[in-house]
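Here are a few friendly notes to read alongside the structure. Take them one point at a time, and find each residue on screen as you go.

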Amino acid sequence: MAMIVTIKKGVGVLGCLLLFSCMSKEEKTTVETEIPKPKLKESLIGYVNPLMGTDSEFSLSNGNTYPAIARPWGMNFWTPMTAKMGDGWTYKYDDHTIRGIKQTHQPSPWINDYAAFSLMGVTGNLKYKEDERASWFSHKAEIVKPHYYQVYLADYDINMEVSPTERAAHFRMTFPEADSSYIVLDAFFKGSKVTIIPEERKIIGYCRNNNGGVPDNFHNYFVAEFDKDFEVYHSWGDQWKLQRNIKESEGEHVGAIVGFKTRKGEEVHVKVASSFISPEQAQITLDREIGEDAFETTKKKAKEAWEQELGRIRIEDESIDDLRTFYSCLYRVLLFPRKFYEYDANNSIHHYSPYNGKVLPGYMFTDNGFWDTFRAVFPFFNLIYPDLNKNIMEGLANTYKESGWLPEWASPGHRDCMIGSNSAPIIADAMSKGVEMNGELLLEAMLKNATVATGRPVNSVGRAGLTEYNALGYVPYDVRIHENVARTLEYAYADFAIASMAERMGKQQLAATYYQKAMNYKNVFDPETRWMRGKNKNGSFQKPFNPLKWGDAFTEGNSLHYTWSVFHDVQGLIDLMGGNEAFVNRLDEVFSMPPDFDASYYGFTIHEIREMQLVNMGNYAHGNQPIQHMIYLYNYAGKPYKTQKQIREVLTKLYAATPDGYCGDEDNGQTSAWYVFSALGFYPVTPVINQYVIGSPLFDKVTIQLSNGNMFKISSSGNDKEAPYIQEASLNKLPYAKTFLSYDTIQKGGTLHFRMGTTPNKNWGNAPDAVPYSLSNQ
């Protein structure tokens, strides 16, 4: 029996050769096939699991995702529906039946969907109502990839497949032998219309379902082309009333049914496109994006689109699980914001404005909550995909021109969700990285947010409590403006973003004014408790005060989470707390204390609280955004080894490419972007500043292909799960002891190498000049 030898990570080439020389020929033959090779495939899409995070529900989020079958940043996604029409949790991993595959634009279950419609195959007795037509399915007979979805509909013996373009999709349904086979198009509720055109093998129509943020003339026009003649056709009207042999129906909720006989194994193809502009534009898009392409051609093109974007970052590592998690997270980062623009017959870019209902030239993007994504998603775009962010900046300028305000949560137009003025750091960070934009117009828009209190379309746009904030330097606790401390901290950071952008544009006086306002975070720091705390209009702090109380003065968190939201001046926060030792002790306290909480503001235990409680990391709540940067703050106080330990624990404990693979809401790529950055070894604690704070690199080797043609490589030796600590580092073979990297360093290309170990090197990165940027140090 041949001896099986496992060569462990870290043994090295010499150790392998010595071991090999002592073996018999039979043993050598076995070892030659057993020695692990770097797990690097030419194709990266195979690592992606779009089901990551789909095992979620209202009371507990493991991601709150659905499998998005899409192109990167596509205008339309497609997803299987296991839930009823209108349910924000459209696909739940533990469900057993599917009602159809729908076109979706949903960014979050809390925001819900708009412009959705679905297709479904059935056989036998006609079943078209959503509960009746639902078919049992199994994950064992399901294939889920970013570019392709396949499911076996067990009740109908139909194999259903779909592959997307940016604004269209190609369906392939393989039927059994049946006298009665049907394809059902459900145009959904809140206003819809279908028209069946048998002589053209088409169904056209529109859907108007939405959950807000749309003008009165909002429509999603669709066209579906079949490659098989219709032998029967029906529609349905309101209340699911079947209208036999009727080609057209319009109402609150209508749909269309086409039927035919099928042979065993017969494939029926449906090519579908949609437009927010017009039916004619939908047809133009279908002809351009699919045209005469076969299903496999559409699938191949979609796969190539993903490979191109995923391939900007190449990982070499032995851990297949870590590779799967990385690329599954990267896939999520590349979905939002959504392209909300189309190409007309002359190939010119135009868009339907979700702000004023007009069709206008230029770019538009939507489906994003900046409260989440300003932290890491947009900094990632600026680092890896600056050309994309150039178009997004034009879209933001168009939003301002069309609505009078910058968006904060758009889906597709302004939505009243979350807090802050986080369009400011998104714009300022793009300018700091040299992204082309209409700087004067966007600065004007940022200043409007900071100076105009009236006329805001929804409460999340502009700044709620602006009058008080500008008068007092904080939003008071006792003036009926909820989440006032969180707003104060986020406005202060937005003011820093304005100052930074103004300085880059040569507006020194304006910059000085807003740098001063950026210090407003100090106004809600309580020197007695050394936590951020609500402050009344008369200058007294709120009483009683419980730093564990979620909500109230804070947003989806408590004082232990929001106290660290001083992205631009960590040194100033250290000084307020009494120095490095006190600061580090307070950071440690968050991890070492029990996961205690006060949920009285909400009246029940919200899912964000439950997720903090379950992961056994004290009061560290990684499942929500306010605290996600906190671990990196040890670097500012001379203790980077503490950052390294905690980063590695979060990377390996709280993420996996599985249906329960997140520890909270994924949120438009933000929780994924944290992983992507942190696995590379650094993170943008302060978007707007051209620095990334170093953590603990996860992989043996990373190659980043930059848009300027340069490559930046990150490698590590002695790296495994028990070795999260940086022993030493070198940049282009020269010793490197700073705890941050500059944007320019990365863009120039080169190699950053880390030597890792099982025990902390407390001397690495603790020099005074090793700490990242803080405003107080400038």
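**Notes on the model**

1. Residues 281–757 of the chain are 40% helix and 13% strand, with end C-alpha atoms 59 Å apart. In an unreviewed UniProt entry, the annotation "domain: Glycosyl hydrolase family" covers residues 281–757. Please keep in mind that this is a predicted model.

2. Next, look at helix α5, residues 295–310. Its 16 residues should span 22 Å at 1.5 Å a residue, and the end C-alpha atoms are 23 Å apart, which agrees.

3. Stay with α5 and ask which of its residues are buried. They are Phe295, Thr298, Ala302, Ala305, Trp306, Glu307, Glu309 and Leu310. An α-helix has 3.6 residues a turn, so residues three or four places apart point the same way. What lies over the buried residues of α5 includes the strands β7 (148–153), β8 (158–164), β9 (168–175), β18 (266–275) and β19 (313–316), together with helix α6 (320–333).

4. Now find the open sheet of three strands, ordered β21-β22-β23 and paired in the antiparallel sense. Its edge strands, β21 (342–343) and β23 (359–361), each pair on one side only. Strands of a sheet pair through backbone hydrogen bonds, either parallel or antiparallel. Between β22 (residues 349–352) and β23 there are three bridges, in antiparallel pairing.

5. Asn391 sits in helix α9, residues 386–403. Because its relative accessibility is 18%, and buried means under 20%, Asn391 counts as buried. Setting aside neighbours within four places in sequence, Asn391 is in contact with Tyr363 and Phe365.

6. How many disulfides does the structure hold? The count is zero. A disulfide needs the sulfur atoms within 2.5 Å. Cys417 is in no disulfide either, as the nearest cysteine sulfur, again that of Cys663, is 19 Å away.

7. Finally, are Cys329 and Cys417 buried or partly exposed? Cys329 has 0% relative accessibility, so Cys329 counts as buried. Cys417 has a relative accessible area of 21%, which means that Cys417 is partly exposed.

Conventions: Residues are numbered from 1 along each chain as its sequence is written. This is a predicted model: local features need pLDDT of at least 70, side-chain atom pairs count only at pLDDT 80 or more; totals for chains, interfaces and linings use all residues. Side-chain values use heavy atoms; hydrogens and water are left out. Two strands pair if DSSP finds at least two bridges between them. Helices (H or I, at least four residues) and strands (E, at least two) are DSSP runs, numbered from the N terminus. The expected span of a helix is 1.5 Å times one less than its number of residues. Buried means under 20% relative accessible area, exposed over 50%, partly exposed in between (1.4 Å probe, protein chains only). Contact means heavy atoms within 4.5 Å. UniProt positions are given in the numbering used here, feature names are shortened, and annotations may be inferred rather than shown by experiment.
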